[in-house]
There are 4 protein chains.
Amino acid sequence: MTQGPLLLSKARLEALVDGVLAIAMTILILEVKVPELADRRSAAELFHALGHALPTLLAYFFSFGMLAAFWVWHHRLAAKVERLDGWLIAISLGFLSLVSFFPFAAALLGRYPLNAGSLGVYMPAVEGILLCQVGFFAHARRRGLLDPDLPAAESLAIHRRNLKGAIFFTFWSSPSLLRLGLIWAVVPLLLGILLVVALRRSR
Amino acid sequence: MTQGPLLLSKARLEALVDGVLAIAMTILILEVKVPELADRRSAAELFHALGHALPTLLAYFFSFGMLAAFWVWHHRLAAKVERLDGWLIAISLGFLSLVSFFPFAAALLGRYPLNAGSLGVYMPAVEGILLCQVGFFAHARRRGLLDPDLPAAESLAIHRRNLKGAIFFTFWSSPSLLRLGLIWAVVPLLLGILLVVALRRSR
Amino acid sequence: MTQGPLLLSKARLEALVDGVLAIAMTILILEVKVPELADRRSAAELFHALGHALPTLLAYFFSFGMLAAFWVWHHRLAAKVERLDGWLIAISLGFLSLVSFFPFAAALLGRYPLNAGSLGVYMPAVEGILLCQVGFFAHARRRGLLDPDLPAAESLAIHRRNLKGAIFFTFWSSPSLLRLGLIWAVVPLLLGILLVVALRRSR
Amino acid sequence: MTQGPLLLSKARLEALVDGVLAIAMTILILEVKVPELADRRSAAELFHALGHALPTLLAYFFSFGMLAAFWVWHHRLAAKVERLDGWLIAISLGFLSLVSFFPFAAALLGRYPLNAGSLGVYMPAVEGILLCQVGFFAHARRRGLLDPDLPAAESLAIHRRNLKGAIFFTFWSSPSLLRLGLIWAVVPLLLGILLVVALRRSR
């Protein structure tokens, strides 16, 4: 009835989220290249080559786990939302643009695991994803878009849990970025403080 | 009962649209290559290389936003359609063929952002997608395939909004194509005029 | 109740079909490579390079259309099927293995359009897909797995239409394969005759 | 009511499983490269090149069949499960991480079919997938997450069938790994014995 022009069904958004996450998860492995062998039948040479690719392989499983966690988290939040407005759709699409970007950040980290610059791309990408998740639920709460059967206490508890997760990651990422320069470590500290203030003021 | 041989459920079409768009969005990032570094541990060199890749990265987020907008738009139009005929399916598949083509156009623009020829591929691809969207809804309106609960005034308003969006883009794209030759700028002008006529005659 | 161990819901199969076809459609474009330009700002050089890539581009749109037709056809047949047995699942997965293979055949045809060998891969892939579709519906008919509300006359008409489509393609493909040797043209002729016999005996 | 924080709907999990498997199936073909020909019109040269790619092509269809079997198996098990807990989600995501990894293992086997090291990657990947499937159902049985209408005898029969499949593969893979060293063959033997014990104690 009062559905504005931004109407879009939750089922469609969830299908897109599932699709983009499934593809991002599967694309991660494309960065792990089949090695070129001098002796095609030498198992020793193959394992030696795979040993060199080990950081990339570990980065694959680690990043897969990150995407899996984002997927579980998103659907658990979205399950509490009854209907979407334009902002929720925009936040979700921003979330998906970072999810699609994530395989690139993971490839960088897998190729240059000892390069502080890789973390300078990976960490902000994760941070952006976390902030999208926090913002998604916070906006739905403020605008009354949550399932009306959800008790206010539970909605608050979820919101605070989201904030705590983001705060933990933000402070934890700060020292690893220090090698890139003081400003790289200060920005997450300031952001973390903002999130702590938001946590304190949440009720 | 009177379902002809072209019957296909809307749920299937929407699933294909979600799938193709999710993949096109995710494939965009494959064009952003992990740079080769001389000093694997040098963050400065990594950022320098990423700086060179900045146009490609910006093109990634810009093109992701375009695909996201097409996705929202398509589902909002399709939500008003009650059933599909052969033309609606054909238009949707044409739309999807251009969506699948879009990552190539985006890669071209990301690699050669200052080359007018890149726009000569990108702009017509976007134009074709817009015309598919306009045609999809216009056909559904004319053939009475829309949700019967949708007031005629609202259906007209949506149709006119579609036309206005396409007209805006068509005229806006014209000057950027002028560098490729006069004919490249005249064609969108003529097309824009045709769309204005269609807008005037819509009722 | 009597659901054997091969039970699998139609919804799951349709989701997999949608997924594989969406990806195959989108992967087609990965074969169209962004050209390397000597003068990065030269639109003339870009269009010259794209002109060379024209067969690949045309093959992209042609093969996209083929996949789109397979998708429409599969869902129209599957819509008449009420439940799946092991054979229907096996045929569908064989169909999907050829659909996934199709981008490779399309890439071959796009790269070597004047090489008769490309047709020697492309045509059998299409033929295999057509035979899977014919076999899918024929098996469902024989085993009583179709929607019981579907009149027998309509089921027969669909079966005959499937056969006619396959017969047309089989005979049509024969001369194009003649350049590869007599045997390449005779096999489709014999297959076409078998299909004609099946058509005659269908009732 | 008593839904804990790990709640996630089965529909979402099945959609992700369908997505990841559809992509893994389709990505397999990306490893089969279009050959470079000296004489672009020579069908003989093309077939000669494809003959060299034959192991890769056979590995494609074989690995596609493996993924198809995993897909059928997963959905048949998941169809018996009524609701998910955290462990079922974690096991499913582990399963998907190996499914996504599978195209890499398949590419290795296709490129180096005579290299024992390829089997040393492929076999453990398959083994891990099988153990995820066994563990998925075993956990759902133990925690009472199965459909309550499923008779205990049938649930037991499914569990034993899962175990037998894993046992067969585990013992069958052991000799093929012997060429990599004794330890490679002993580990699956020990694992197989553990699974046999589990089978004996199942009731």
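Biologist: How many residues of chain B are in contact with chain A?
Modeller: This is a predicted model, in which local features need pLDDT of at least 70, side-chain atom pairs count only at pLDDT 80 or more, and totals for chains, interfaces and linings use all residues. Residues are numbered from 1 along each chain as its sequence is written, while chains are lettered from A and ligands numbered from 1 in the order in which they are written. Two residues are in contact if their C-beta atoms, placed from the backbone, lie within 7 Å. On that basis, 30 residues of chain A meet chain B, and the number from chain B is 28.

Biologist: Which helix gives the largest share of the side of chain B that touches chain A?
Modeller: Helices are DSSP runs (H or I, at least four residues), numbered from the N terminus. Helix 1 (10-27), helix 2 (43-52) and helix 3 (54-78) of chain B each give two or more residues to this side. The largest share is 9 residues, and it comes from helix 1 of chain B.

Biologist: How many residues on that side of chain B are nonpolar?
Modeller: Ala, Val, Leu, Ile, Met, Phe, Trp, Tyr, Cys and Pro count as nonpolar, Asp, Glu, Lys and Arg as charged, and the others, Gly among them, as polar. The side of chain B that touches chain A has 4 polar and 5 charged residues, and its nonpolar residues number 19.

Biologist: Where does helix 4 of chain D bend?
Modeller: Helix 4 of chain D covers residues 86-111, and 22 of its 26 residues are buried (20 or more other C-beta atoms within 10 Å of their own, all placed from the backbone). The bend at a residue is the angle between axes fitted to the seven residues ending there and the seven starting there. A proline, D:Pro103, follows within four residues of the bend, which is about 35° and lies at D:Phe101.

Conventions: Expected span 1.5 Å × (residues − 1). Buried ≥ 20, exposed ≤ 12 C-beta atoms within 10 Å, placed from the backbone.
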